[in-house]
Amino acid sequence: MQNLPLSDLKVLELSESVSGPYCAKLLAGFGAEVVKIENPEGGDISRCHGPFPRDIPEPEKSGLFLGLNTNKKSITLNWQTRTGYRILEKLIRQADILVENLKPGIIDYQALQELNPALIIASISYFGQDGPYHNYEGSDIAAQALGGIMKLTGLPDREPLKIAGPQAEYQSGLNAAVAIMAALHFRDETGAGQHIDVSVMECLVSILEGALLSYAYDGTLRQRDGARHPSIYPSTILPCKDGYIHIDASTDWEIFANFIQMPELLEFKPEELRQKADEIDALLTQRLAKESCEEIFHRAQEWRLPFAKVMGIEEFPSDPQFQARDFFVQIEALIYPGAPFRMSDCQPTLSRAPLLGEHNEEIYCDLLGYSRQDLVQLNGMGTV
Amino acid sequence: MVLPLEGIRVLDLSQVYAGPVASRTLADIGAEVIRIESSVRSTRGGPQPQPGAVYPDNDPGEKPYNRSAYYNELHRNKLAISLDLSREQGKKVFRKLVRVSDVVLENFTPRVMANFGLDYPALKEIKPEIIVVSISAYGQTGPYRDYVSFGRGIEAMAGLAQITGYPESQPLGPGTAYADATGGLHAAFAVLVALRHRRQTGKGQHIDLSLRESLTALMGEQLLGHSMNKRAPERTGNHDACAMLQDCYRCQGDDQWIAIAIHSEEELEMLGRVIGNPLNPGDETDKLRQRIETWTTRYDPQEAMRILQQAGVRAGAVLDAAQINSNPHLRERGFFEKVTHPEAGTHSHPGMPWKLSQTPGRIRAPAPCFAEHNDYVFRELLGLSAKEIAELEENGTIARVPRG
């Protein structure tokens with residue numbers, strides 16, 4: 001096996017849905033042995049969420065689960081029984097990292113830390129381990145609402161909008177992975193573990209593009225404005241002949257006007273562009289109606305104008321850039337996104353997500369020393 | 001040792017949002033991040049106020065480049081020097097800095113560092129164990145390698161703008177620089193992995209991060225769904241596939257809203273009980289909205305959230321920057337920190353994004369003023385003489401004031 005930077009580490013994943021799984025997926029990608037603990041009754045909730053082939057729900061075929069759990073092992077364990085908790089303790093003693101996204105208060109992380117002081121525990125929750133909201137019920141949209149993103153997304157005369165997909169959860173999983181790596185550096189130096197408290201809400205309010213300090217400085221409250229950039233105009237999405245194009249003149253208004261062959265635009269002064277956005281959008285829309293998305297995208301780039309195509313993912317397989325970089329990975333006839341970045345000296349490989357309890361024998365018998373008979377018994381008790 | 005990355009030095013050549021988010025993350029966990037800024041294109045502007053920038057009390061002051069909210073929120077815990085890399089003397093100083101550093105972070109288009117003669121192969125010659133992170137729109141290779149884009153273009157090219165919008169609207173995309181934040185955090189993760197690799201093997205490496213790829217990595221279920229059923233995803237507004245009912249509802253007050261997600265029939269029943277109006281899974285969406293809004297419009301969003309949460313309903317008030325700033329939950333968790341910036345004054349700043357029990361971190365220093373750390377870096381760190389520094393200033397390689 002390839003020696004990767006995290007190959008010496010054992011990670012226990014006591015998490016489901018998106019945030020914890022994405023965090024552990026990143027660690028698994030770089031060699032950590034991730035053992036995912038799933039409840040014996042159906043496992044990770046994301047196994048019940050689609051997409052499914054032909055829309056027929058099947059726990060081993062959920063696209064959400066398959067994408068988020070590559071390179072991991074799965075065991076089933078009802079750790080909330082006495083026997084189950086004793087098994088969890090055994091696993092904790094041998095682990096380096098625990099990733100959990102249970103509701104705060106369900107697991108006693110202090111007790112686990114005492115069992116293994118070198119353990120790094122990352123707790124991901126919607127609102128954090130303490131504070132008045134810590135017991136609130138969360139969801140991706142509730143986090144995007146409280147995290148300030150929704151107020152800035154959508155049309156001004158419509159209800160605020162969430163970013164599509166479970167992005168709040170992905171974002172917190174990514175943050176947790178960074179925090180774990182920080183704690184790991186500390187542990188590599190000192191031998192000490194620690195507890196990491198990641199709140200989805202706090203991860204989101206940390207990426208509002210200066211909105212919070214802007215408010216503190218002079219009371220500025222940015223408004224949502226559809227596809228338009230909050231301060232730069234034009235940086236927006238407009239329809240063209242065969243789709244939608246992201247246009248951007250932020251680098252140079254004059255070059256933009258020349259490029260788009262509308263010298264009349266130069267009658268608008270740069271400082272009044274934002275105020276007259278509706279008027280200019282209308283002029284541009286008229287002009288763009290003759291342009292094909294693909295053609296104007298490349299031509300703008302020749303002028304070094306940061307235009308972009310509004311692409312649907314169905315266009316990705318034939319995208320020359322993705323192709324040239326061999327970004328997508330195929331596993332058993334399905335297409336997965338590849339690694340989020342490339343490293344010249346330790347690029348990971350991708351292998352499929354585990355079946356529910358696929359590694360029970362390996363972990364219970366080979367690692368923890370239970371006999372096959374014990375396993376049958378634990379199975380009968382509903383622990384495994 | 002108090003913070004995880006103490007003793008690690010990062011040279012930060014990055015601009016706009018993605019690279020700076022990466023270096024902010026590394027600075028927050030203890031790295032010494034030195035921002036290298038050109039006096040001609042400092043990215044924080046020159047003596048003239050920048051269009052769209054926000055300044056304390058709406059006053060750009062004499063040095064607007066030290067007073068921008070955008071810059072000062074993003075660059076806490078970092079140092080800044082001025083250095084012109086297009087000049088030979090500037091490159092010479094930069095190479096000296098590379099010798100005493102661990103990481104170089106840049107987000108130019110791929111040809112820029114090569115044109116400077118400072119790309120990874122060149123830097124590796126100077127210091128074999130150096131870790132270089134190159135963040136770009138489309139990656140260091142391929143036909144689009146020299147194409148330019150900001151975050152919003154990336155969201156378009158990654159398929160996210162296409163599905164972020166109302167079912168009946170055009171594609172809109174996120175209202176914040178989401179692609180940049182995602183790329184920046186992935187870059188920070190990559191640096192930490194590379195540092196551990198170096199600890200184990202002694203080897204440095206080059207990290208090639210395409211913003212578009214790092215955002216596409218967060219759309220796995222969309223890609224897999226298409227690969228299974230060959231169906232293009234659609235804009236579904238505020239609805240998510242995992243929810244029975246999910247939307248954003250109007251509350252009392254101007255542009256005040258609450259988001260509610262219902263994942264099961266029990267949750268729908270609870271919501272119906274709170275609003276005193278039974279709700280059934282089979283009811284029309286418009287009817288449901290009407291019944292829910294009849295109740296929510298009687299409350300301000302934070303009060304509505306409190307009542308709904310008491311009943312166990314997944315509800316979240318849609319907060320703006322003012323409401324976030326005064327939010328009792330964030331306040332009690334100590335999220336905000338009072339920071340005094342020498343030229344921008346004392347304000348409440350958003351603090352650390354997560355809490356580490358042993359190495360908590362905090363805002364140790366406000367964002368640096370332009371060229372604030374020239375003396376420390378050139379004299380103390382590199383040991384340049386007063387005469388050498390004067391010479392560099394005279395020929396414009398380093399400056400005290402940015403021109404643009």
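Two residues are in contact if their C-beta atoms, placed from the backbone, lie within 7 Å. The model is predicted, so local features need pLDDT of at least 70 and side-chain atom pairs count only at pLDDT 80 or more, whereas totals for chains, interfaces and linings use all residues. Residues are numbered from 1 along each chain as its sequence is written, and chains are lettered from A and ligands numbered from 1 in the order in which they are written.

**The contact between the chains**

Chain A contributes 125 residues to the contact, and chain B contributes 128 residues. On the side of chain A that touches chain B, helix α6 (residues 167-190) of chain A supplies the largest share, 16 residues. Helices (H or I, at least four residues) and strands (E, at least two) are DSSP runs, numbered from the N terminus. Sorted by class, that side of chain A holds 70 nonpolar, 31 polar and 24 charged residues. Here Ala, Val, Leu, Ile, Met, Phe, Trp, Tyr, Cys and Pro count as nonpolar, Asp, Glu, Lys and Arg as charged, and the others, Gly among them, as polar.

**A sheet with strands from both chains**

Two strands pair if DSSP finds at least two bridges between them. An open sheet of seven strands, with mixed pairing, runs in the order β12(A)-β6(B)-β5(B)-β4(B)-β1(B)-β2(B)-β3(B). Its edge strands, β12 of chain A and β3 (78-82) of chain B, each pair on one side only. Two of the pairings are set out here.

| Strands | Sense | Bridges | Residue pair |
|---|---|---|---|
| β12 (342-343) of chain A and β6 (205-210) of chain B | antiparallel | two | A:R342 and B:D208 |
| β2 (32-37) of chain B and β3(B) | parallel | five | B:R35 and B:A80 |

**Helix α11 of chain A**

In helix α11 (residues 293-302) of chain A, the residues A:C293, A:I296, A:F297 and A:A300 are buried (20 or more other C-beta atoms within 10 Å of the residue's own; exposed means 12 or fewer, and partly exposed in between, with C-beta atoms placed from the backbone). Seen down the axis of α11(A), these buried residues fall within an arc of 105°, so they line one face of the helix; the arc is that of the directions from the helix axis to the C-beta atoms. On the other side of α11(A), A:E295 and A:E302 are exposed. The cover over the buried residues of α11(A) includes β7 (235-240), β8 (243-248), α9 (253-259) and β9 (308-309) of chain A. After α11(A) comes A:R304, with a positive phi near 65°.

**Domains of chain B**

Chain B is assigned domain 1 (9-217 + 337-394) and domain 2 (245-325), with bounds from an automatic or database domain assignment. The centres of domain 1 of chain B and domain 2 of chain B, taken over C-alpha atoms, are separated by 40 Å.
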